[in-house]
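User: I'd like to go through the cavities and helices of this model, with the reasoning behind each label. Can you take me through it?

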Amino acid sequence: MSRFNRWRLSPRWGMLMSSPLAVASCLWLVLILALAFVAAPLVIDAANQQDISLRFLAPFHLEHGFSYLLGADSLGRPILLQLIVGARTSVVIAICAVGISAFLGCVIGLVAGFFGGWVDNVLLRIADVLHTIPSLLMALVVLFVLQPSVLNLIIVLGITRIPVYLRTSRTQTMEVKERMFVEVARAIGASNWRIITKDILPLVLPTIRTLAMLEVAAVMLAAASLTFLGIGLQRPDVDWGMMVADGRAYLRTAWFVAVFPGVVIVLTALSANVLSNWLRAVEDPAQSTLFFRSKKKKVGGAK
């Protein structure tokens with residue numbers, strides 16, 4: 001199989017491999033997922049083990065083992081293992097919250113955009129109410145009343161992000177339902193459910209998928225912010241925001257306690273944003289066509 005045929009069979013992988021920044025972002029996210037779901041359950045006991053004699057152990061020394069490569073916190077817990085355990089909590093919260101908001105927002109937006117009328121008005125007014133209240137403020141109030149936990153944090157962040165997906169899917173549905181193939185489906189007797197799921201949803205889903213990747217970074221930052229403010233998770237649960245909050249009082253004496261989790265949050269959020277931009281470029285037919293033509297010209301010139 002020629003090089004041209006390989007590009008033709010997998011143009012998306014070709015677009016990914018042509019962007020070193022997108023490749024690095026993808027590798028970083030894969031590493032975080034592997035640490036969260038594979039390594040974290042194996043090191044959770046060691047991560048919570050306290051040793052006061054190692055309090056604020058300096059990083060980049062291996063006298064006490066690889067676990068203390070990034071130093072120790074105020075209770076002598078290894079920061080590296082705390083980061084791994086915190087990755088599981090942060091990733092679970094981000095994925096579950098985005099999944100809830102994307103699913104509910106997409107379904108409600110499809111229904112509102114397709115049927116219109118009073119259904120659209122009622123659903124849109126509910127979205128307006130949720131949208132007018134700042135999501136972080138709503139989360140602060142709800143978590144202050146309820147007991148802070150991973151489940152409550154997922155529910156609050158998931159509900160507050162619904163309007164983003166609702167408005168996006170509604171707008172696209174209103175545009176797609178006016179196309180000729182939808183009219184043809186109606187003419188041959190297709191049900192509303194069939195038209196929504198088979199004809200409209202496949203065209204709306206790529207935008208929702210790209211938006212969801214972008215929202216992963218926003219939800220992760222929101223969860224870290226809530227924990228940093230003391231309203232989010234509490235021990236024994238740990239996430240990256242809690243680690244930053246624990247180390248902010250020791251920035252002058254032990255900077256690494258807060259800096260390392262902060263750097264991980266920034267890198268993860270940045271990687272998710274870069275990958276979402278790549279997904280948007282892949283889903284854009286114009287950019288995909290330009291990429292394919294450029295590769296074809298290069299292969300033709302090489303021959």
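**Cavities, a kink and a crossing**

Analyst: Ser90, Met220, Ala223, Ala224, Asp239, Trp240 and Ile265 line the second largest cavity. This is a predicted model, where local features need pLDDT of at least 70 and side-chain atom pairs count only at pLDDT 80 or more, while totals for chains, interfaces and linings use all residues. Residues are numbered from 1 along each chain as its sequence is written, and side-chain values use heavy atoms, with hydrogens and water left out.

User: What makes this a cavity, and what makes those residues its lining?

Analyst: On a 1 Å grid over the protein atoms alone, a cavity is a set of points where a 1.4 Å probe fits but cannot get out, and lining residues have an atom within 4 Å of a point. The volume here is about 40 Å³, taken as the space filled by probe spheres set on the points, which are joined across faces, edges and corners. Helix H10 (residues 192-228) gives the most to this lining, with three residues.

User: How is the lining of the second largest cavity divided by class?

Analyst: Into five nonpolar, one polar and one charged. Ala, Val, Leu, Ile, Met, Phe, Trp, Tyr, Cys and Pro count as nonpolar, Asp, Glu, Lys and Arg as charged, and the others, Gly among them, as polar.

User: And what lines the largest cavity?

Analyst: Asp73, Ile79, Gln82, Arg235, Met243, Asp246 and Val257, around a volume of about 60 Å³. By class that's three nonpolar, one polar and three charged residues. Helix H4 (79-115) and helix H11 (240-247) each supply at least two of the lining residues; helices are DSSP runs (H or I, at least four residues), numbered from the N terminus.

User: How do you know what span to expect for H10?

Analyst: The expected span is 1.5 Å times one less than the number of residues. With 37 residues, a straight helix would span 54 Å, but H10 spans only 46 Å between its end C-alpha atoms.

User: Where in H10 is the kink?

Analyst: At Leu201, shortly before the proline Pro202, with a value of about 60°. The bend is the angle between axes fitted to the seven residues ending at a residue and the seven starting there.

User: How do H4 and H10 cross?

Analyst: Their axes come within 8 Å and cross at roughly 145°. Axes are lines fitted to C-alpha atoms, for helices over the stretch in contact, and angles run from 0 to 180 degrees between N-to-C directions. The contact of H4 with H10 holds 20 nonpolar, two polar and one charged residues.

Terms used. 1 Å grid on protein atoms, 1.4 Å probe; cavity = no way out; pocket = protein on both sides within 12 Å on 5 of 7 lines; lining within 4 Å.
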